[in-house]
Amino acid sequence: MTPFHYTRASDVSDAIRQIAADPAAKFIAGGTNLIDLMKYDVEHPARLVDISQLPLKSIEETSDGGLRIGALVPNSDLAYHPLIEQRYPLLASAILAGASQQLRNMASTGGNLVQRTRCFYFYDAVTPCNKRQPGSGCSAISGVNRINAILGTSEACIATHPSDMCVVLAALEATVHVAGPAGARAIAFSDFHRLPDNTPQRDTNLEPDEIITAIELPPKGFSANYSYLKIRDRLSYAFALVSVAAALELDGDTIKEARLALGGVAHKPWRVSAAEAVLLGQRADAGIFAQAADIMLRGAKGYGHNNFKIGLARRAIVRTLSQAAHGTPQSQSVKKIR
Ligand SMILES: Cc1cc2nc3c(=O)[nH]c(=O)nc-3n(C[C@H](O)[C@H](O)[C@H](O)COP(=O)(O)OP(=O)(O)OC[C@H]3O[C@@H](n4cnc5c(N)ncnc54)[C@H](O)[C@@H]3O)c2cc1C
Ligand code: SF4
């Protein structure tokens, strides 16, 4: 076992002070990802700064009609909160599609955003991996890459971001509130996670001495026409091979607004504004959904074992948008749309 120090932060300022004072320190919240990474010899923090007792566990309405979710709200509490169930059921669906009840009870909202990839080689500390050890190479590109990315990849890394919740936060255009030694700032969700490029070791634009304090949801929750579809190897306790978050605002059969995001296919939740734009003003039918899917998947590239994801994602997008249009978010079989 690698020894490490453990301290508990007394408030947010103390947490920032402690993390800024020790570059080898890491925050620990629910510990459901970080502890595994330490056991697998992937992460070696010299100090764990426990933030789990900080007063960041409330869900409050904002003056513009949105919600502010504290970074330490457990995933279960978030999914079952009445305001989330009523106004943001798409978010509740995605959270409940993740992990297991026990894990969701421990996992925090902030930790979910910063959880690391599930690429097999990232967890296998004896194989080359640019994310774990920059410059060592990428074992997945020519290895077993069934779960890896098909969009936004680089020659350095083809990992995916594993979160379900983040796919919906991207679609809903949430904002991440963070604080650090230089003060507080807000990051648009689309700018929070990064593509790998030649720095795959950096998953997000959060600085190492910054803490996530809250996630803010805009007022619009698309509670009438939404669907989150997660395709995975088992029905529970498995990460997404492909997931789709779809949210529509309809006027009769006509699409007034559309949001679409993919999980399991890229280093960050995947959104393409042109795919949403093509839906606007159109009749909600399978033909236009297929066009949106083609735009979403432009430039998609398989690496062998994961070639199947391209066709799977295309079909999943059409199906999820169809479910959203019908107002049948959880249906397993979709009636054919005229
Ligand atoms: C078996 C298993 C199956 C899973 N399946 C799924 C799944 O299907 N879908 C899914 O979405 N997730 C899944 N998860 C992942 C789970 O959701 C995450 O592990 C969890 O959300 C992480 O939250 P945590 O509070 O436990 O984070 P921790 O493990 O405590 O921390 C994770 C990282 O986040 C950082 N961190 C935590 N809080 C903050 C903060 N406030 N500010 C800055 N940095 C912070 C930590 O320093 C650390 O680097 C699974 C996990 C396991 C173990
Ligand atoms: S895909 Fe990324 S995480 Fe996986 S082995 Fe390659 S560099 Fe490492």
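User: Which cavity is the space taken by ligand 2?
Analyst: Ligand 2 takes the space of the largest cavity. A cavity here is a set of points on a 1 Å grid over the protein atoms alone where a 1.4 Å probe fits but cannot get out, and its lining residues have an atom within 4 Å of a point. A molecule sits in a cavity if more than half of its atoms lie within 2 Å of the cavity's grid points.

User: What am I looking at, and how is it numbered?
Analyst: This is a predicted model, in which local features need pLDDT of at least 70 and side-chain atom pairs count only at pLDDT 80 or more, while totals for chains, interfaces and linings use all residues; side-chain values use heavy atoms, without hydrogens and water. Residues are numbered from 1 along each chain as its sequence is written, with chains lettered from A and ligands numbered from 1 in the order in which they are written.

User: What is the volume of the largest cavity, and which residues lie nearest its centre?
Analyst: Its volume is about 90 Å³, meaning the space filled by probe spheres set on grid points that are joined across faces, edges and corners. The lining has 17 residues, with Cys119, Cys129, Cys138, Ala140 and Cys157 nearest the centre.

User: How many residues surround ligand 2?
Analyst: There are 14, the closest being Cys119, Cys129, Cys138, Cys157 and Ile158; a residue counts if one of its heavy atoms lies within 4 Å of the molecule.

User: How many cavities of 30 Å³ or more are there?
Analyst: The search finds two.

User: Is Glu210 buried or exposed?
Analyst: Glu210 is buried, at 9% relative accessible area, whereas Arg185 is partly exposed at 34%. Buried means under 20%, exposed over 50% and partly exposed in between, with a 1.4 Å probe and protein chains only.

User: Which residue pairs with Lys220?
Analyst: Lys220 bridges to Glu249, with the closest N and O atoms 2.6 Å apart. Glu249 also meets Lys256 in a salt bridge at 3.6 Å.

Terms used:
A salt bridge is a side-chain nitrogen of Lys or Arg within 4 Å of a carboxyl oxygen of Asp or Glu. On a 1 Å grid over the protein atoms alone, a cavity is a set of points where a 1.4 Å probe fits but cannot get out, and a pocket is an open set with protein on both sides within 12 Å along at least five of seven lines; lining residues have an atom within 4 Å of a point.
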